[in-house]
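Subject: Structure handover

Hello,

Please find the structure below, followed by notes on what was found in it.

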Amino acid sequence: MQDKITQLLAEIQAGSFRALARGITMAENDLPGYESLLFQLKNTDTARVVGITGPPGAGKSTLVNALLHHWINTGKKIAVIAVDPSSPFNYGALLGDRIRMADFYNHPSVYIRSLATRGALGGLHAKIIEITDVVKQGPFDYILVETVGVGQSEVEIAGLADCTIVALVPEAGDEVQTLKAGIMEIANIFVVNKADRDNADTLYRNLRILAHERADGEEETPVIKTIATQKDGVAELADAIENYLKTHNSLPEKKLQLLTEKCWQLIQHQKMKGYSKAKLLPGLKEAIQSPDFNLYQYTSKLVENNA
Ligand SMILES: Nc1nc2c(ncn2[C@@H]2O[C@H](COP(=O)(O)OP(=O)(O)OP(=O)(O)O)[C@@H](O)[C@H]2O)c(=O)[nH]1
Ligand SMILES: [Mg+2]
C-alpha cells in the first residue's frame, strides 16, 4: 500500500491528471491509503492558491473561465477546484460549471474538479484543505478555488488562499453598507462583476469608499470592474492578483498566519471525526426522554468519551 501511494504521489508530481484525480477522490472519501498520501505530501510552495468567493450567481465560474483564458495565453498551468453549495440544484450547478468552463475541460494545462459540499457547518467542504494540499503537489502555477459565499465559507477560504477575491454584483449595491464585516475583512481584491448592469457604478463607488475607510492610510483593497461574460476587466484582475501575490505572499507573517489557520481547521475536523448529525440523533432521542436531560452535560460526556 505504502509503495502504491508513493508511486501515486510521484505521478501527481510529474503532472498526471489521472493520478491527481485519484488522489483527490481518495482524500474526498477517506479511501484506504488517504492518510498515508497526506502524510507523504512534500512541503512544496510553487502553486499560488487564489480563492474566489461571492454570492450565488455572481459570475464566479464565468470569471474563472475568463482568467483561465488569460493565464493560458501566458503559458501558465492552472487547477480549478469548484466547491458547489449543497442545494437541490447541485447537479445543475456542477453541469453549469462544465458549461461555463467548457473551453478548458480537455485542455492539457488546466485541471478542473468540482466538489459537492457535504453540509458541514458553514457549507465549506470539510476536505477542501486536504484536497488543495494534494493539488499543490502538481506542477501548477495557480490553483483557483471557487466557493459560494454563504455562512462561514468565505472566512474559511481566506485561511486557505494566498489571495482572496470577493466577487459582488450590482444587485448588492444597497447591501454593501450592511455587508458582514467578515467579508470586508477577507477580501484582498474586490470585483464588481456584471458591470454591464445598472448600478454597477454605485456599487463600485461604495466599495471604493469602504476600502478607503478601512485602509486608514494604508494600502487600499483594489476594486475592479468586470464583465466576465465578455472578459472585460479580466486582464486588470489578473494584474491585481499578480501584484497582490508579489507584494504580500513572500511575507513570512502572512504564510505563518495561513498555516496557523489551516492547522486550526484541521484540528477541528479531526476532533469532529467521530460525529455526524445522523449518529447523534438516535442517542439524543433516547436521552431526551429523561426528565433530568441536560444538553451541556450530555455534550460534555460525548466529548470526553470521544477523546
Ligand atoms: N450580464 C452579465 N451576466 C454575467 C456576467 N458574468 C456572468 N454572468 C451570467 O451570470 C450567470 C451566473 O454565472 P456563474 O458564472 O455561473 O456564476 P457563479 O457565481 O459561478 O454561480 P454559482 O457557482 O452557482 O454560485 C450566468 O448566466 C452568466 O452567464 C456579466 O459580467 N454580465
Ligand atoms: Mg459557479
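**Notes on the model**

In helix 2, the residues Leu 20, Gly 23, Ile 24, Ala 27 and Glu 28 meet Glu 130, Ile 131, Val 134 and Val 135 of helix 6. By class, this contact of helix 2 with helix 6 has 6 nonpolar, 1 polar and 2 charged residues. Helix 6 covers residues 128-135, and its axis lies 9 Å from that of helix 2, at an angle of about 160°. Since angles over 145 degrees count as roughly antiparallel, helix 2 and helix 6 are therefore roughly antiparallel to each other. Their crossing is right-handed.

**Helix 1 and helix 2**

Helix 2 (residues 17-29) also packs with helix 1 (residues 2-13); the two axes come within 7 Å and cross at roughly 125°. Helix 1 and helix 2 are therefore oblique to each other. The crossing of this pair is left-handed. On the side of helix 1, the contact is made by Leu 8, Glu 11 and Ile 12, while helix 2 brings Ala 19, Leu 20, Arg 22 and Gly 23. Sorted by class, those residues are 4 nonpolar, 1 polar and 2 charged.

**Helix 4 and helix 10**

Helix 4 packs with helix 10 (residues 234-248) at an angle of about 75°, and their axes are 10 Å apart. That angle makes helix 4 roughly perpendicular to helix 10. Helix 4 contributes Ala 66, Leu 67, His 70 and Trp 71, and helix 10 contributes Val 234, Ala 235, Leu 237 and Ala 238. This contact has 7 nonpolar residues, 1 polar residue and no charged residues.

**Ligand 1**

Which residues are closest to ligand 1? They are Gly 59, Lys 60, Ser 61, Thr 62 and Ala 228, out of 18 residues that surround the ligand. The elements giving two or more residues to this shell are helix 4 (60-72) and helix 5 (90-100). By class, the shell has 6 nonpolar, 7 polar and 5 charged residues.

**Confidence**

The average pLDDT of the chain is 84, and 83% of the residues score at least 70. Where pLDDT is low, predicted coordinates should not be read in detail.

Regards

Conventions
Residues numbered from 1 in each chain as written. Chains lettered and ligands numbered in written order. Predicted model: local features only at pLDDT ≥ 70, side-chain atom pairs only at ≥ 80, totals over all residues. Near = placed C-beta within 6 Å. Helix = DSSP H or I, 4+ residues; strand = E, 2+ residues; numbered from the N terminus. Nonpolar A, V, L, I, M, F, W, Y, C, P; charged D, E, K, R; others polar. Axes fitted to C-alpha atoms, helices over the stretch in contact; angles between N-to-C directions. Parallel < 35°, antiparallel > 145°, perpendicular 65-115°, else oblique. Contact = placed C-beta atoms within 7 Å. Left-handed = near helix turned anticlockwise from the far one by under 90°. pLDDT = per-residue confidence, 0-100.
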